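My entries follow in the order I made them.

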Amino acid sequence: MAYYLWLGLRQQRGRSLLICAGFLVAACTLLLLSATTQTTVLRTTQLVSQHWRPIYDLLVVPSHQAPPPPGSSLPPDQFESYAGGISLEEYQQIQHLPGVSVAAPLAFISYVQYPGSAIDFGSYPPGFYKLSWTLTAFNGLQQITEYQATTIVYSSPAPCTGYCLPLGAAQLAPLRAIGVGDYFYASGGYLTGVPNPGAFLLAAIDPEAENSLVHLNQSLTFGDPLPEETALARDSANPTIGGMHQGEQVPNYDVPLLINTQPPGSITLHASFSRLLTASIDPQRIAALGGSAYLNQAPERTIFVGDVPLPQNDLRLFSLGSELTVSGSSLSITPGPTSFLLTFTARPASLTYRPTPPPSGVSGPAYALVPSPQQNPPGSGGSEVAFRPLNPLPGRLEPQSEILGYTYQTTLDTIYNGAAYTARPMGRFDGRRLSAAFADALNWLPENTYTPAPVVLRYNAQGQPTRPVSLLPTTNQAGFTLEPPFALTTLAAARQILGDRCISVIRVRVAGNVTPDQAGWERVARVAQEIHERTGLGAIVTLGASPRPTLVYVPGLRAGQMPGVTQTIPPLGWVEERWITIGAGLLYLNQLSSTQMVLLLVIVLVCLGSVLVTIQALMVAQRREFAILVALGWHPRHLAALLLGQVLALSLSGGLAGLGLALLLCLLLGLSPPVSLLAWALPGLFGLALSGVLLPLQRLWRLQPAILFRTGTAIRPTRPRGAHLLGHRSSTWGSWLAPLGTLAVRNLLRTPIQTLLMASSLLLSTVLLVVSASSLLALRQLLQGTLLGQEVLLQTAGSQLASVAFAILLTFLSVADLLALQVHERQSEIGLLQAVGWPPSLVQGVILRESVLLALATTPPGIGLALVLLRSLQFWPSVESLLLVGVGTICFLTLVAALAALPALRAISRLRLPDLLRRE
């Protein structure tokens with residue numbers, strides 16, 4: 001038996017090699033596609049694990065803010081616009097919940113005016129002088145004029161004591177007519193106030209919690225950290241101050257501040273002071289010469305030109321009553337008292353977005369900002385559009401004052417919640433050093449306490465690509481870019497100023513190791529649920545959150561378009577913001593798990609089908625030999641042993657060769673084949689081979705040699721016209737195609753077993769391609785958008801492309817192997833056709849048409865079977881993906897069938913008629 005087995009394999013080397021190649025293809029398919037799938041899973045899991053936990057695991061929001069579902073996207077400033085809503089008692093409850101490691105609250109209190117300062121230009125002779133101020137902010141793209149003013153000042157020769165107006169009413173009238181607004185003081189010097197550069201955002205924190213969460217204490221550069229306090233202390237120097245009404249006294253509290261030494265943005269105040277060379281210094285004479293028109297055209301002698309320091313740029317000015325002294329072309333600073341009364345302006349609200357079509361050629365969601373009905377916001381000078389409503393703090397306000405062209409309901413003695421508040425800077429911290437905690441772009445969160453949300457200009461107003469520019473916040477408090485808090489204080493201050501429900505959000509770090517999977521997510525979600533049940537507050541799970549670059553159109557305004565808009569402001573264009581996709585990492589892991597399950601299931605099914613097809617091909621190729629052996633007296637069990645021996649020998653040789661080739665390719669491409677699969681590859685292949693040989697063994701017991709010997713090759717005659725055309729190759733293509741196509745169909749129908757084998761191979765190949773391509777396309781569509789998903793795509797692109805390439809290659813090899821085996825078994829038929837005058841080209845044409853027709857007939861059912869499989873596994877890609885994959889598979893497999901026939905066609909051209917007839 002063993003000798004006969006060896007002899008049969010040796011004598012039929014061509015057939016043995018083709019059958020062995022079938023097992024090789026099955027082994028390669030099993031290992032290579034499993035390796036590419038495993039590599040994609042490992043790399044994705046590794047990336048998600050590295051960026052699974054951002055700076056906090058939960059974000060507790062006020063009860064009126066509904067937590068977004070996983071997969072939804074939030075604007076980057078969503079949390080900073082929350083105007084309180086969480087009480088200190090609720091915060092303490094969260095602090096003591098089991099499973100909570102750190103609970104760090106954050107309360108955005110209000111914008112606060114910078115402390116004022118004065119500038120002393122020195123003493124000069126009597127006469128007229130011009131003072132010009134220009135406050136500009138650089139937004140990363142251009143300098144924006146936030147405030148601009150010119151004042152003509154007058155130094156009178158009349159004596160005066162202290163700060164006074166030295167002219168009487170009669171003399172003052174012409175000065176008012178020419179717009180003179182300031183006067184020199186008695187000694188001849190000129191001291192004036194520096195224009196206020198706007199306001200800074202004040203936020204409150206719990207110092208101990210902040211140290212645990214972001215290590216705030218390690219970023220201190222000067223002074224002391226914020227104290228731990230439960231209530232504000234009265235100011236020791238001024239425990240009370242006068243109220244609005246006579247005799248009224250209100251308490252005055254100390255508010256400790258921690259100042260950011262590295263605020264973002266670039267604000268510049270430019271000053272120009274010059275003497276006007278007039279024909280006279282008499283106001284009456286100047287009025288007669290033309291008044292303000294004459295003064296504005298008078299020659300000037302420059303006294304000082306330069307930039308004036310601001311509190312944002314020089315913290316020595318972050319005090320009350322600081323004085324700048326001009327000495328030639330330089331300035332010296334005399335700081336005032338470090339304490340100053342806090343003057344609150346307003347609290348920023350959230351932006352309003354509306355969906356809009358993106359620029360041409362860009363896909364994905366896009367939005368447009370909606371301007372606020374409140375225009376000319378503080379600090380904008382009318383040159384920037386306001387997009388955020390500014391809500392004043394509730395409280396008692398003093399009379400109006402105008403700063404930077406905007407009317408504030410405030411003075412230095414602003415009272416809120418029945419008290420006044422004196423700022424006392426305690427220390428300074430480096431905001432850029434803290435920003436390193438949020439530097440990981442893949443899991444960046446819009447926490448905005450220490451770093452602004454990145455905004456990049458991508459397209460101009462016409463939707464044309466432009467040079468990317470990172471935009472910076474300006475002094476416009478209602479702008480679309482929001483500056484992080486410049487100063488931090490304690491929760492006790494927030495509670496005294498705003499009331500008990502002063503906290504905007506609470507960032508929570510869960511205790512212990514939170515694994516990057518569904519179990520880790522559910523563990524944090526249980527803590528979120530417990531917070532909601534105990535306090536009624538919402539909680540957003542931020543595990544696996546990742547930014548999604550989103551295009552937002554920043555419009556302009558026309559003069560008169562809205563109340564208060566006096567000049568036309570051009571649109572900025574399309575900017576890219578980082579919107580946050582909640583739970584992106586978990587979605588990727590779940591989708592990847594489903595994709596891996598679907599692909600592995602299909603790979604096993606396709607390998608099983610390929611083994612079955614290969615064994616059936618082996619059985620069909622030897623049916624006449626088995627019939628002869630039965631006629632010679634062989635028992636069916638001997639035939640079964642022979643068939644089992646052949647299957648085991650061929651599967652062992654083909655499987656080893658396939659595994660070796662697959663391992664080599666994995667090594668060259670850096671793929672990671674599953675270790676368990678390597679151990680079970682050969683036993684699994686044997687198991688598939690044994691399961692595939694069951695049906696052929698059953699057929700051996702029912703083998704009837706007499707019927708098989710009567711079966712021969714039958715070729716029905718074609719019509720005379722067809723026969724005429726077969727001999728004339730100069731006929732038209734359409735008339736040439738019909739007879740060969742008809743003959744190809746008849747050949748397929750008269751050999752149902754071979755046709756079924758070929759159809760099964762193409763059907764399995766179709767299922768493999770459709771499921772693989774659909775799964776990978778669905779995965780890629782899910783990953784596109786967020787920065788984490790794009791990084792996963794970048795890291796797994798090679799393995800995903802390799803998976804599709806291997807599926808295509810193995811499909812080609814499988815079809816080519818079966819076609820070559822079919823040609824090998826049809827040598828007698830081919831020899832007969834050549835003996836009656838058929839040239840090899842016509843024989844090749846018939847074989848080619850058979851493979852193409854078979855591909856066209858079996859690909860649509862294969863697509864349907866693949867869709868049924870995807871549906872049963874609840875894995876349904878988008879309709880566009882299905883149409884793309886379906887049409888592409890039909891076209892591709894038709895091409896594959898044609899190309900896979902080339903080796904068979906080449907074999908036909910090498911067949912020699914005498915050898916074929918001798919075999920008969």
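I began with the burial scale: buried means under 20% relative accessible area, exposed over 50%, and partly exposed in between, with a 1.4 Å probe and protein chains only.

**Ground rules**

I am working on a predicted model, where local features need pLDDT of at least 70, side-chain atom pairs count only at pLDDT 80 or more, and totals for chains, interfaces and linings use all residues. Residues are numbered from 1 along each chain as its sequence is written, and side-chain values use heavy atoms, leaving out hydrogens and water.

**Whole chain**

I checked confidence through pLDDT, the predictor's confidence in each residue, from 0 to 100. The protein chain averages 77, and 72% of the residues score at least 70. I took contact to mean heavy atoms within 4.5 Å.

I counted secondary structure from DSSP runs, numbered from the N terminus: helices are H or I with at least four residues, strands are E with at least two. The protein chain has 24 helices and 31 strands. Of its 920 residues, 53% are buried. Among contacts between residues at least 6 apart in sequence, 80% join residues at least 24 apart.

**Ring pairs**

I paired rings of Phe, Tyr and Trp (its six-membered ring) if their centres lie within 6.5 Å; planes under 30 degrees apart count as stacked, over 60 as edge-to-face and the rest as tilted. The count comes to 23 aromatic pairs. I looked at Tyr124 and Phe273: their ring centres are 5.7 Å apart and the planes stand at 50°, so the pair is tilted. Tyr124 sits in the loop between strand 4 and strand 5 (127-138) and Phe273 in strand 13 (residues 266-276), so the pair ties together parts 149 residues apart in sequence. Is Tyr124 buried or partly exposed? With a relative accessible area of 23%, Tyr124 is partly exposed. Phe273 is buried at 0%.

I then took Tyr253 and Tyr421, a stacked pair with 6.3 Å centre to centre and 25° between the planes. Tyr253 belongs to strand 12 and Tyr421 to strand 24, so this pair ties together parts 168 residues apart in sequence. Both are buried: Tyr253 has a relative accessible area of 15%, Tyr421 one of 0%. I also noted one aromatic cluster, formed by Phe121, Tyr124, Tyr129, Tyr190, Phe273 and Phe304.

**Sheet and hairpin**

I counted two strands as paired if DSSP finds at least two bridges between them. An open sheet of four strands has the order 8-4-15-16, with mixed pairing. Strand 8 (189-193) and strand 16 (330-334) are at the edges with a single partner strand each, so one side of each has no neighbour in the sheet. Within the sheet, strand 4 (residues 117-123) runs parallel to strand 15 (residues 322-327), joined by four bridges. Ile119 has Leu324 in strand 15 as its bridge partner.

I moved on to strand 25 (residues 455-459) and strand 26 (residues 465-470), which pair in the antiparallel sense over three bridges. They form a hairpin with five residues between them, and Gly463 in the turn has a positive phi of about 85°. Tyr459 has Pro465 as its bridge partner in strand 26.

Most residues other than glycine have a negative phi. I found His215 with a positive phi of about 60°. His215 is in the loop between helix 5 (207-214) and strand 10 (220-223) and is partly exposed at 41%. Asn417 also has a positive phi, about 55°. Asn417 lies in the loop between strand 23 (406-408) and strand 24 (420-429) and is partly exposed at 45%.

I located Arg433 in helix 8 (residues 431-435). Arg433 is partly exposed at 45%. What does Arg433 contact, leaving aside neighbours within four places in sequence? Gln218, Ser219, Leu220 and Thr221 are its contacts there.

In helix 9 (residues 491-498), I listed Leu491, Ala492, Ala493, Ala494 and Ile497 as the buried residues. Their cover includes helix 3 (88-95), strand 3 (100-113) and strand 24. Just after helix 9, Gly499 takes a positive phi of about 105°.
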